[in-house]
Amino acid sequence: MINTTALEKIIGTKIKDQDLYTQAFTHRSFINEHPHLGLSHNERLEFLGDAVLELVATHALFLQYPKHPEGQLTAFRSAIVRTESISESAREIGLNDFLLLSKGESRDTGKARDYILANTYEALIGAIYLDAGYEAASAFIKNTLLHKVEGVVEGGLWRDPKSYTQEKAQEQFNVTPMYKSLKDEGPDHDKIFTVGVFFGEKEVARGVGKSKQDAEQAAARKAIEMFNW
């Protein structure tokens with residue numbers, strides 16, 4: 001069901017178990033529309049891939065920044081493995097072309113697609129780990145995501161966005177940012193929240209996330225970008 005030749009070029013290793021990779025790209029919505037195909041969705045592989053990603057990123061940062069304390073390394077890692085960064089990498093390497101989605105999901109190109117792409121990237125890591133081993137999964141992560149580490153560190157993108165936004169807002173505008181929930185969409189098991197960050201009565205940016213906390217952090221990042229802080 002997937003183009004294994006094209007995928008092998010992306011992941012940099014030979015595919016032995018094609019079913020694993022089909023599962024990695026299968027969204028729950030696709031199964032709901034095509035139950036007769038007998039496919040499994042990718043959420044278990046995503047769970048595994050998330051753990052592999054965290055270990056590989058942690059190890060790489062530990063080696064690359066031997067003089068940095070644990071707190072900063074944690075912040076570096078959080079900035080690298082956040083949804084926006086992962087989905088950006090997933091787009092860059094062409095994972096959109098392999099997604100198995102429902103007709104409704106396939107039409108969505110906004111934030112909901114970012115979450116699908118990030119989750120699929122993690123599921124793909126899980127598939128590579130099971131099919132080709134830890135070293136292959138590690139090489140894939142390093143080649144497609146961890147090359148961003150230096151830019152994140154040197155650009156200060158690792159700072160906690162909410163704390164940094166508060167610091168700069170108080171310094172420049174003498175206000176404390178407030179976060180307000182604007183809407184939530186989707187089923188209970190897969191909600192997407194939209195939050196606005198306000199300076200006084202003025203909404204300065206919006207963020208979207210799979211939790212209110214994630215949406216607040218995304219809104220703070222948008223504010224940082226908008227004011228070029």
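**View 1. Threonine 83, with a relative accessible area of 22%, is partly exposed.** The accessibility classes are buried for under 20% relative accessible area, exposed for over 50%, and partly exposed in between (1.4 Å probe, protein chains only). This is a predicted model, in which local features need pLDDT of at least 70 and side-chain atom pairs count only at pLDDT 80 or more, while totals for chains, interfaces and linings use all residues. Residues are numbered from 1 along each chain as its sequence is written, and side-chain values use heavy atoms, with hydrogens and water left out. Threonine 83 is placed in helix 6; helices (H or I, at least four residues) and strands (E, at least two) are DSSP runs numbered from the N terminus. Apart from neighbours within four places in sequence, threonine 83 is in contact with Asp114, Tyr115 and Ala118, contact meaning heavy atoms within 4.5 Å. Between the C-alpha atoms of threonine 83 and methionine 226, which are 143 residues apart along the chain, the separation is 19 Å.

View 2. On a 1 Å grid over the protein atoms alone, a cavity is a set of points where a 1.4 Å probe fits but cannot get out, whereas a pocket is an open set with protein on both sides within 12 Å along at least five of seven lines; lining residues have an atom within 4 Å of a point. Grid points are joined across faces, edges and corners, and a volume is the space filled by probe spheres set on the points. Searching the whole structure gives 1 cavity of 30 Å³ or more. At least two of the lining residues come from each of helix 6 and helix 8, and helix 8 gives the largest share, 3 residues.

**View 3. The largest pocket has a volume of about 670 Å³.** It is lined by 27 residues, of which Ser78, Val81, Arg82, Thr83 and Asp214 are the closest to its centre. Two or more lining residues are given by each of helix 4, helix 5, helix 6, helix 8 and helix 12 (212-227).

**View 4. The buried residues of helix 4 are Leu45, Glu46, Gly49, Val52, Leu53, Val56, Ala57 and Leu61.** Seen down the helix axis, these buried residues fall within an arc of 160°, so they line one face of helix 4; the arc is that of the directions from the helix axis to the C-beta atoms. The face turned away from the buried side carries the exposed residues Arg44, Phe47 and Phe62. Packing partners of the buried residues include helix 2 (18-24), helix 5 (70-80) and helix 9 (134-144). Helix 4 (residues 43-64) has 22 residues, which at 1.5 Å a residue should span 32 Å; its end C-alpha atoms are 31 Å apart, in agreement. The expected span is 1.5 Å times one less than the number of residues.

**View 5. Glutamine 23 lies in helix 2.** Glutamine 23 counts as buried because its relative accessibility is 19%. Not counting residues up to four places away in sequence, glutamine 23 touches Ser40, His41, Asn42 and Leu45.

**View 6. Helix 8 is mostly covered, with 18 of its 22 residues buried.** At 1.5 Å a residue, helix 8 should span 32 Å, and its end C-alpha atoms are 31 Å apart, which agrees. Glycine 133, with a positive phi near 100°, follows helix 8.

**View 7. Strand 1 (residues 178-185) and strand 2 (residues 192-199) run antiparallel and are joined by 7 bridges.** Two strands pair if DSSP finds at least two bridges between them. Isoleucine 192 in strand 2 is the bridge partner of glutamate 185. The two strands form a hairpin with 6 residues between them, and glycine 186 in the turn has a positive phi of about 95°. The loop between helix 11 (161-173) and strand 1 holds asparagine 174. Most residues other than glycine have a negative phi. Asparagine 174, although not a glycine, has a positive phi of about 60°. With 70% relative accessibility, asparagine 174 counts as exposed.

**View 8. Valine 204 is placed in strand 3 (residues 202-209).** At 10% relative accessibility, valine 204 counts as buried. Leaving aside neighbours within four places in sequence, the contacts of valine 204 are Val197, Phe199, Ala223, Met226 and Phe227. The C-alpha atoms of valine 204 and lysine 16 are separated by 50 Å.
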